[in-house]
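Colleague: I have this model open and would like to go through it with you. Can we start with the rings?

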Amino acid sequence: MTDSPELVIFDLDGTLVDPAGSITGGIAHALAAHGLPVPDGATLSSMVGPPLVESLRRLAEVPAEAIPAVVHSYRQRYISHGMAESRPYSGIPELLERLRGRGLRLTVATQKPESLAKRLLAAHGLDRHFHSIHGAPDDETLPPAPDGKTGIVRAALATNHGRPDAAVMVGDRRHDAAGAAANGVACIGVLWGFAPEGEFAALDLAAVVGTADELEEAILAALDVGRAASAQEAAAW
């Protein structure tokens with residue numbers, strides 16, 4: 001059996017970084033700019049997490065022919081204003097530093113376009129903590145991947161030579177939990193993101209946390225479970 005690094009896979013928006021209204025406000029701005037109805041605040045918040053094209057089609061009911069133009073307007077505003085408005089959540093930079101100090105490998109798996117994810121993390125000085133950063137294709141007019149976040153989490157595992165039982169996912173939406181579960185990875189939910197009330201209750205999560213300190217404890221506990229499972233498997237061999 002080959003040793004694998006203990007790996008922590010983080011979602012981005014709503015988990016590491018608070019968009020501070022840049023996503024919801026940007027979507028509203030783009031829709032209004034094209035003369036399209038702007039959904040209510042709760043609907044806009046629910047659009048944070050899934051692929052933008054999927055949210056525009058399913059939640060904002062944007063006609064297919066208008067989606068490319070709306071996406072372009074949204075991204076132009078996000079690049080010019082949104083990244084500067086966003087902020088790391090309280091305690092997150094310090095948490096990443098401590099986890100790296102413990103010898104854990106850190107990676108990002110987000111449905112944000114990969115190049116934008118890298119730019120956002122670099123803008124806040126967080127990119128240095130991560131061994132790899134994985135996202136969606138930069139061309140957002142392409143249909144979303146049919147397996148959602150599953151393939152992105154799979155890429156994070158493969159790049160870092162991670163074993164599912166030696167890894168944990170951290171996210172704020174059901175999409176994170178689904179992508180983790182499909183890869184056999186435990187998932188921790190954070191309460192400071194965009195999950196609507198009750199979303200976590202229906203999910204099989206390793207833990208649900210409300211602060212960065214609680215998250216650190218939950219990550220270490222989840223990886224201890226992973227180490228125990230690996231030891232039992234090795235003994236069986």
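Modeller: A definition comes before that: rings of Phe, Tyr and Trp (its six-membered ring) pair if their centres lie within 6.5 Å, and planes under 30 degrees apart count as stacked, over 60 as edge-to-face and the rest as tilted. Also, this is a predicted model, where local features need pLDDT of at least 70, side-chain atom pairs count only at pLDDT 80 or more, and totals for chains, interfaces and linings use all residues. Residues are numbered from 1 along each chain as its sequence is written, and side-chain values use heavy atoms, with hydrogens and water left out.

Colleague: Fine. How many aromatic pairs does the structure hold?

Modeller: There are three aromatic pairs. In one of them, phenylalanine 10 and phenylalanine 130 have ring centres 6.2 Å apart and planes at 75°, so this pair is edge-to-face.

Colleague: Where in the chain are phenylalanine 10 and phenylalanine 130?

Modeller: They are 120 residues apart, so to speak in distant parts of the chain. Phenylalanine 10 belongs to strand E1 (residues 7–10), and phenylalanine 130 to the loop between helix H6 (114–123) and strand E5 (132–136). Helices (H or I, at least four residues) and strands (E, at least two) are DSSP runs, numbered from the N terminus.

Colleague: Is phenylalanine 10 buried or exposed?

Modeller: Phenylalanine 10 is buried, because its relative accessible area is 0%. Buried means under 20% relative accessible area, exposed over 50%, and partly exposed in between, with a 1.4 Å probe and protein chains only. Phenylalanine 130 also counts as buried, at 9%.

Colleague: What does phenylalanine 130 contact?

Modeller: Leaving aside neighbours within four places in sequence, phenylalanine 130 is in contact with Phe10, Leu16, Leu96, Arg100, Leu106, Thr107, Val108 and Leu121. Contact means heavy atoms within 4.5 Å.

Colleague: And the nonpolar core, which residues have the most contacts inside the largest one?

Modeller: Those are Phe10, Leu16, Leu56, Phe130, Leu215 and Ile219, in a core of 53 residues. Helix H4 (residues 67–85) gives the largest share of this core, six residues. A nonpolar core is a set of buried Ala, Val, Leu, Ile, Met, Phe, Trp, Tyr and Cys residues joined through side-chain atoms within 4.5 Å. Another core, of 15 residues, lies apart from it and includes Ile9, Ala109, Val185 and Cys187.

Colleague: Back to H4. What about tyrosine 74 and tyrosine 78?

Modeller: Their ring centres are 6.1 Å apart and their planes at 25°, so the pair is stacked. Tyrosine 74 and tyrosine 78 are separated by about one helical turn, because they are four residues apart in helix H4. Both tyrosine 74 and tyrosine 78 are buried.

Colleague: What sits over the ring of tyrosine 78?

Modeller: The charged end of arginine 75 does, 5.5 Å from the ring centre. A charge sits over a ring if NZ of Lys or CZ of Arg is within 6 Å of the ring centre and within 35 degrees of the ring normal.

Colleague: New topic, aspartate 11. Where is aspartate 11?

Modeller: Aspartate 11 is in the loop between E1 and strand E2 (17–18). With a relative accessible area of 5%, aspartate 11 is buried.

Colleague: Which side chains make a polar contact with aspartate 11?

Modeller: The side chain of threonine 15 is one of them, at 2.9 Å, and the side chain of lysine 149 is another, at 2.8 Å. A polar contact is a pair of N or O atoms within 3.5 Å; within protein, one must be able to donate a hydrogen and the other to accept it, and residues adjacent in sequence count only if both atoms are side-chain atoms.

Colleague: Now helix H7. Which residues of H7 are buried?

Modeller: Thr150, Ile152, Val153, Ala156 and Leu157 are the buried residues of H7. Their cover includes E1, strand E4 (105–113), E5, E6 and helix H8 (174–182).

Colleague: What follows H7?

Modeller: Histidine 161 does, with a positive phi near 55°. Histidine 161 is in the loop between helix H7 (150–159) and strand E6 (167–171), and is exposed at 63% relative accessible area.
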